[in-house]
Amino acid sequence: MTSDIIRQEEAREAGTGKTLHVITWGCQMNVYDSARMTDVLRPLGYRPVEAAEEADMVILNTCHIRERAAEKVFSELGRLRKLGEERRAAGHGRTVIAVAGCVAQAEGEEILARAPFVDIVLGPQTYHRLPEMVARAARAGGAVIDTDFPAETKFDFLPAEAAPQTDGNLTAFLTIQEGCDKFCSFCVVPYTRGAETSRPVASVLAEARRMAAGGVREITLLGQNVNAYHGEDGAGGVATLASLAAEIAAIPGIGRIRYTTSHPRDVDQSLIDAHRDNPALMPFLHLPVQSGSDRILKAMNRGHTAEEYRDVIRRLRDARPDLALSSDFIVGHPGETEEDFEATMRLIREISFAQAFSFKYSPRPGTPAAGAPLQVDEAVKDRRLQALQALLREQQDAFNADMIGRTLPVLFTARGRKPGQIAGRSPYLQAVHVDGPETLIGQTAPVLITQRNSNSLGGVLKRERACA
Ligand code: SAH
Ligand code: SF4
Ligand code: F3S
């Protein structure tokens, strides 16, 4: 305890009056983590700044999911080193460089070997120890590395006074579950984020209440397998995502709840029912399927068939007829034939997605698929990806075009680009612009959609009174 206090003091001295810049790559969980690292350092005197050029400390929060992750990190580190040298030449102190996130976890030692000017390397489960690492780095002037999977969880160490992590204080991410035990053939996440763990309900609710009190209206619950959530409910039982969402919906001010990323295998009846019964759950679901071929799904170790996926979608759409879907696809997994690819195209045509992310399979070191036979040619992957993306783009366009003439509840989050305009988001995460009073910012109001722009929708307020 005493040594903790001494370290905190040391860290405070190291940080007083200093500036911090965080660069974030990867998924929303990294966005959340970057915000928490900023929180953890704020009481030590680190103030966030927009530009790396102005920062006394730079944290590079990295992602390892697809190709050339490490190369990208080294090239960015080269740039940061140069910036640091220029700052020094201009009379500033030394820039502290920290590498966080999933590349740090997977390749921490290599980072220190290849980029010895890096001061701190920390994995995704240790950012609550940052203050201590900053103090140690300041003291020793040597590199500090911490890529443990510690017994204590970082969530128990969130600063209580933390500002809610929001864009304009109205929407926020909240991590409720981390890690993954599913070991899909292609994926590094189980290795970089560790075993699956859920935060206890009380801890999630406390953070959600803090967010609501800070003005947040829409919360996105995050986890690599967010619907595998099984946090302690405080009464000796285990909560589900559905029960957690019901409790969050009861917090005054929270009108909208989303969750991502969910796994088809973990969609249970309680979650399907929640889409019918919990009006705060937005009718927009990201449910990655990766492939429409049973053979490839099996090779991927996804644990379900294409038909089981279709069945889940049918049941969800029965429960919530206005539900729109988004998904992830991988083309060119080892062994994928033209026939397998066609099965994926067929599934896309049948289900129709409002949005999707699609990728060429990228071999990740240490994963089973990387060493599998029958790797697919790059040229074939390119061709398949193009065809798949063309189809998905068509569906996305059709989905957006279909909004015209409909009335959507829009949560207004900001002023618009033009004077007199306000901007918000639809239930489907589309940006919506209307002419309207700034007093509506922070509220949800019905909008008749009248036009489609390249990246947003335009409409008119049905009435200038907020929805309930
Ligand atoms: N937990 C989520 C996915 C997290 S990773 C799930 O199971 O659905 C986000 C997406 O990146 C994946 O859905 C997948 O489409 C893609 N991805 C992951 N590893 C990949 C790889 N090695 N090559 C190409 N795409 C990959
Ligand atoms: Fe990766 Fe599969 Fe886990 Fe998703 S479920 S994080 S794709 S291993
Ligand atoms: Fe990337 Fe790690 Fe997220 S590998 S996708 S930052 S969990």
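These legends describe close-up views of a predicted model.

**View 1. An open sheet of 3 strands.** The strand order is E13-E14-E15, and the pairing is parallel. E13 spans residues 284–286 and E15 spans 355–360. Both stand at the edges with a single partner strand each, so one side of each has no neighbour in the sheet. Neighbouring strands are turned by 10 degrees against each other on average, direction ignored.

**View 2. The pairing of E14 with E15.** Strand E14 covers residues 324–331. It runs parallel to E15, and 6 bridges join the two.

**View 3. The shell around ligand 1.** Ligand 1 is surrounded by 16 residues. The closest are Arg66, Gln224, Gln290, Asp328 and Ser362. By class, the shell holds 6 nonpolar, 5 polar and 5 charged residues. Strands E14 and E15 each contribute at least two residues to this shell.

**View 4. Polar contacts of ligand 1 with Arg66, Gln224 and Asp328.** A side-chain N or O atom of Arg66 sits 2.8 Å from an oxygen atom of the ligand. Asp328 also uses its side chain: a polar atom there lies 2.6 Å from an oxygen atom of ligand 1. Gln224 contributes through its backbone, with an N or O atom 2.7 Å from a nitrogen atom of the ligand. Taken alone, ligand 1 exposes 550 Å², and the protein buries 92% of that area.

Key. Residues are numbered from 1 along each chain as its sequence is written. Chains are lettered from A and ligands numbered from 1 in the order in which they are written. This is a predicted model: local features need pLDDT of at least 70, side-chain atom pairs count only at pLDDT 80 or more; totals for chains, interfaces and linings use all residues. Side-chain values use heavy atoms; hydrogens and water are left out. Two strands pair if DSSP finds at least two bridges between them. Helices (H or I, at least four residues) and strands (E, at least two) are DSSP runs, numbered from the N terminus. Axes are lines fitted to C-alpha atoms, for helices over the stretch in contact, and angles run from 0 to 180 degrees between N-to-C directions. A residue is near a molecule or strand if one of its heavy atoms lies within 4 Å of it. A polar contact is a pair of N or O atoms within 3.5 Å; within protein, one must be able to donate a hydrogen and the other to accept it, and residues adjacent in sequence count only if both atoms are side-chain atoms. Accessible areas come from the Shrake-Rupley method with a 1.4 Å probe; for residues, only the protein chains shown count as cover. Ala, Val, Leu, Ile, Met, Phe, Trp, Tyr, Cys and Pro count as nonpolar, Asp, Glu, Lys and Arg as charged, and the others, Gly among them, as polar.
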